[in-house]
Amino acid sequence: MAGTGAKSNKKPSTVPVTKRLQDDAIMGTNDYSIVSKRSVEKLFFPDQPQFLRPFVEKFKRRAPLINKGYWLRMKAIEDTVLKFLNEETEKNKVVVNLGCGYEPLPFKMLWKYGAKCRNVKFVDVDYSQLMRRKLEIIRGNRIFFDLLSSNQYKWETGESGGVMFNDEKYTAIGCDLRDIKYLERVLRNELQLADQSMLFIGEVSVVYMEVQKADDLIAWASTFDDARFCLLEQHLPEGQSHPFAKTMLEHFEKQTPLRGLVAYNSMRDQLRRFTSAGWPSVQMCDLWSLWGDIELAERIKMEAIEPFDEWEELALFSGHYFLLTARTKKPSIHDDYKNTSYVESHKRKEETDRELAPISITSRDNSKGQGLRRFGAMVELGPQALGFHGGLTAVGRHNSCDIYRSSDSADLTSFPPEDVMCHTITSLDDDCAVLVGGRNSPTKGSQKCYVRKRGIWSLSHDLELGRYRHCSTAVKLYDTSCLLTFGGRTSNGEVLKTWSLHDQKHGWQTLRSFGDHSPALFGASMATLDKTSGVLVGGMSAGGTLIPQLWKWRLIPEGESISVHLEQLGRNSSTFTRFGAALVHSRWGLLLIGGIGAHGVMPAAEEILLLDPVSMIGKSVSLSNENPRPLLVGFGAAAIADGDVLLVGGSAVCFSFGAYWNKKSYLLHFCDQSTSSLTWSLMSNGDEKSANKAKSQNSQELDLPPRTLRFTKALDHAKSIERATLGVQTEFGAIMASGQPSVIVGLDIGPCVRLWCSEYLVDRIGPNTPVTIHSSTNPHLDFRSKNFTYDTVPFDHFMQRASSKSHVYLRSLSSLQPTKSPTNLATDFLRLANDFHLPEQLGEIKENEHSSVLRISGNISMWLHYDVMANILFQIKGSKRIVLFPPRDVSYLRFPPGETTSDIHVFTAENGSLNHTHPLVTTLNEGEALFIPPCWPHATSPVNEELSVAVNVFFRSLESGYAAGRDVYGNRDLDAYQNGRRDVARVIRILRKPSAEDRTQETERLVQNLRSGVINVKGRGRREIERILQSVQNLPQDLSQFYRTRLADELHEATRNNISTTDSQVKGMEH
């Protein structure tokens, strides 16, 4: 029951209705949870015993955010248990994990703190069917048994549950947590634990129970004389309307509603719950507060293992989880987490009544699918136009702008050139602006600096160190406009405390700072108060420590050099405990907007504050008229001409629950201002030139040449392929497990999407480099009829033809051994190697990679074929239409025996010829990737006859079964099929011999055995057919069906021909 699962305002339509199905769904949360914990174990604790490995069949590395969140959960529970072990008492101790799932906590504690566990017994409790599976795994692995006290165990694995395993150190109980009477009988009477010191643990388990049953369980635990309760689960610090809460609840409501949140959605509710249930001593804190109390060295060590920059998302997740520790006795000394209890930390928020600022917020819907961007930078594009540049969009990182303007006739200047995120763009004067730094990934900070003059962007002086999450503002010295930049983070994770000044003539200079100490910070906010002074608010130091301080800075010329004087104005204030906030000048003064705070989630009353220029006390801007609230994370903010403030973009990955995107833009304006005057709106998404080009291409489709590629009516019944964002809607492991194709968006695959134009590729690969290409006079390549020739030409000659819509195609081969070794982009095209990389979310592909193929094509469609290895097609340039068929359709797609290519032209197929198939179709655009599972027949064609550049990565998704020997292209059929064809050939020879049974009926029975997969074969050929069925048993179901169908079709074809297959054909099947 220790899992991640959720609930919403709407009545869920997919929640199981029977008790058994509800229990199954709750137990299912354990499967995700334990895979995530295993990811943490392997990554962060490789030198410790791998207790979770036996419970996870195949390792799946989770995204950094998931790893960090589960590490924090595991840390919270372990530290709570350790404090219990450290308590001085003459009693024996018992740790009872209620809803333990596969969590091996007892064994970790026994191994790690053996000396402290001499008088300790661990008790695991969960559903009997789950405990039975857990015990089977424990029983089969010495890593567990070696930690137990003796060889005398009580095993009871029957259906009834109860005490299923009992040892001096460890007991396993199969019991529904709702059956309190049975728990009472087992713990008090059978195990006689009533007089011992007890610690009950509920890690995201009690929250799934019916509220009254959960209340009864908590009250029952308090009847033990010397008891403690540790509860770790979700809460809603800002209610259900907060975007993270909304996303989390909608996720869980699908299968496993968080029932406890209906009655107890705040930490104060939980405090009342426990005190009224007989727990006089209760301490609480949210997990984000707990994060700040973990040893700094331990937090920094984690980042050395796995670079991390999803701090806002981690804060939102951990701010929505709490750790509660309760006792039935008030201890003389209770070593609680020093971050204080709920009562202290939240009373301050409730007792502080902030004065309201005379500001209202009004929203405007963006066009569907537009304006979805986070961690970009605002840039002035003209007097009445603003852009939100770079960052991450719903389909990946983009070097484009979302353009907001108040007039359709607003003139636009050019867009910045760099496709980065977490950068700054600062306007100096007139048309001058400066872009500084940014990153592609946490380990790839940019040193680049660009300056815009008279509408043209050009490279300026590089930073000494690449950095991101810095802050910048415009200043004026000696009547010269300059850029002041502070802090940030480098590619190696170092946090900077450097103050740097940039002017267009001399570039960068590092400033000496003096006065009050300022730590190294990233994610702070900065703004000017006058030409040479300003304020610096909040930020984060190394290890993810929020800094609750405010500094005033002042530039002081000292001859030819300049220094910066720092004065600390405020400390330890929730107002200034900010990370990722915006500090914006407005008609009312300085506005401090958004970001994360001391408890992760910003309270609504503090989300937008108007700062007093002298006292720096903030007046609140009400968000009550916006439901749901805007998610002010990764957003852009800028003052417009009249001093109002425009808020755009913003989004966060809400842990494993989904991504939330603001689908509106917001304007801060006077309370009494007429909303009819709010004319700012999103104009378009992306580059206007690209938009115009697309319009031009669309208009050309009205007068297409006769040989243009288009979908035939035979595919009218095709369905669209689902799209996914990794680490958001789903994990790649889940996509693979589904066995279905998926278009994956939002991946960071490197700068290739921006760089790989024809000219760049020719320069990098070399104009005279010889390449072997497919060349044809027909736009539909046919491998069966070979309506093409293999030509060796200079690369620039090929690119000229491909760019001019000729029917040519290049599939890269190994540069060293083209007939023996698979191709590898990194080694075969060294000068392209740094442009493309597999994103972190696809780490398991890297471990099993077979080849990475560069594919470049002109106006050409590829033949229908299937690949035996799983693969992902990354579309770099151009777009492709792709049609795929599930493996079960193979009988209708005319694949000759033993071949992986079909003779059907799916793009020109006659209407009705594919009626029995179940095609899926998609258009794969630049920066998107398509996962193609093994043995899914597919074909491709270009959109608008344009040049297409792609990288196709093949990988092994099966543990065994691949054909022995070389497989240069990744499409040799599995051993089961190749051996099966030999057995089919033997069956054909057997059936040629005379028999009393009708030969057609005899063969048809064997064919049906193959199709059904049932190993109950009778008559001649039985041994061969059973051998085939046994050989495919261990394959995934769809592959087993695919190859059984292929072999059944071949045997059926022989029947149709009255076993007239020639000896040469039979020998071909045998060899």
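This is a predicted model: local features need pLDDT of at least 70, side-chain atom pairs count only at pLDDT 80 or more; totals for chains, interfaces and linings use all residues.
I began with D23, whose side chain makes a polar contact with the side chain of Y127 at 2.9 Å.

I then looked up where D23 sits, and found it in helix α1, which covers residues 19–44. Is D23 buried or exposed? I noted a relative accessible area of 6%, under the 20% limit, so D23 is buried. Leaving out residues up to four places away in sequence, I listed Y127, D176 and R178 as the residues that D23 touches. I also checked D23 against T256, which is 233 residues away along the chain, and found their C-alpha atoms separated by 9.1 Å.

Next I turned to the nonpolar cores. The largest has 98 residues, and V81, F122, Y170, W288 and W311 are those with the most contacts inside it. Helix α2, residues 64–86, gives the most to this core, with twelve residues. I followed F122 and, setting aside its neighbours within four places in sequence, found it in contact with several residues, among them V81, V95, M109, L110 and Y170. I also noted a second, separate core of 46 residues, which includes L715, L958, I1028 and L1051.

I went on to strand β18, residues 433–436, and asked which of its residues are buried. A433 and L435 are buried on one side and V434 and V436 on the other, and both faces of the strand are covered. Strand β17 (residues 424–427) runs antiparallel to β18 and is joined to it by four bridges, with T424 having V436 as its bridge partner. Five residues lie between β17 and β18 in this hairpin, and in the turn I noted D430, with a positive phi of about 50°. Strand β19 (residues 449–453) is also antiparallel to β18, again through four bridges, and there L435 has Y450 as its bridge partner.

My last entry concerns an open sheet of nine strands with mixed pairing, in the order β42-β43-β51-β48-β53-β47-β46-β44-β45. Strands β42 (723–725) and β45 (789–794) stand at its edges, each with a single partner strand, so one side of each has no neighbour in the sheet. Neighbouring strands here are turned by 30° against each other on average, direction ignored. Within the sheet I traced β46 (residues 808–811) and β47 (residues 849–857), which pair in the antiparallel sense over three bridges, and found R855 in β47 as the bridge partner of R811. Helix α20 (residues 795–803) lies across β44, β45, β46 and β47, and runs at about 115° to β45.

Conventions
Residues are numbered from 1 along each chain as its sequence is written. Side-chain values use heavy atoms; hydrogens and water are left out. A nonpolar core is a set of buried Ala, Val, Leu, Ile, Met, Phe, Trp, Tyr and Cys residues joined through side-chain atoms within 4.5 Å. Buried means under 20% relative accessible area, exposed over 50%, partly exposed in between (1.4 Å probe, protein chains only). Helices (H or I, at least four residues) and strands (E, at least two) are DSSP runs, numbered from the N terminus. Contact means heavy atoms within 4.5 Å. Two strands pair if DSSP finds at least two bridges between them. Axes are lines fitted to C-alpha atoms, for helices over the stretch in contact, and angles run from 0 to 180 degrees between N-to-C directions. A polar contact is a pair of N or O atoms within 3.5 Å; within protein, one must be able to donate a hydrogen and the other to accept it, and residues adjacent in sequence count only if both atoms are side-chain atoms.
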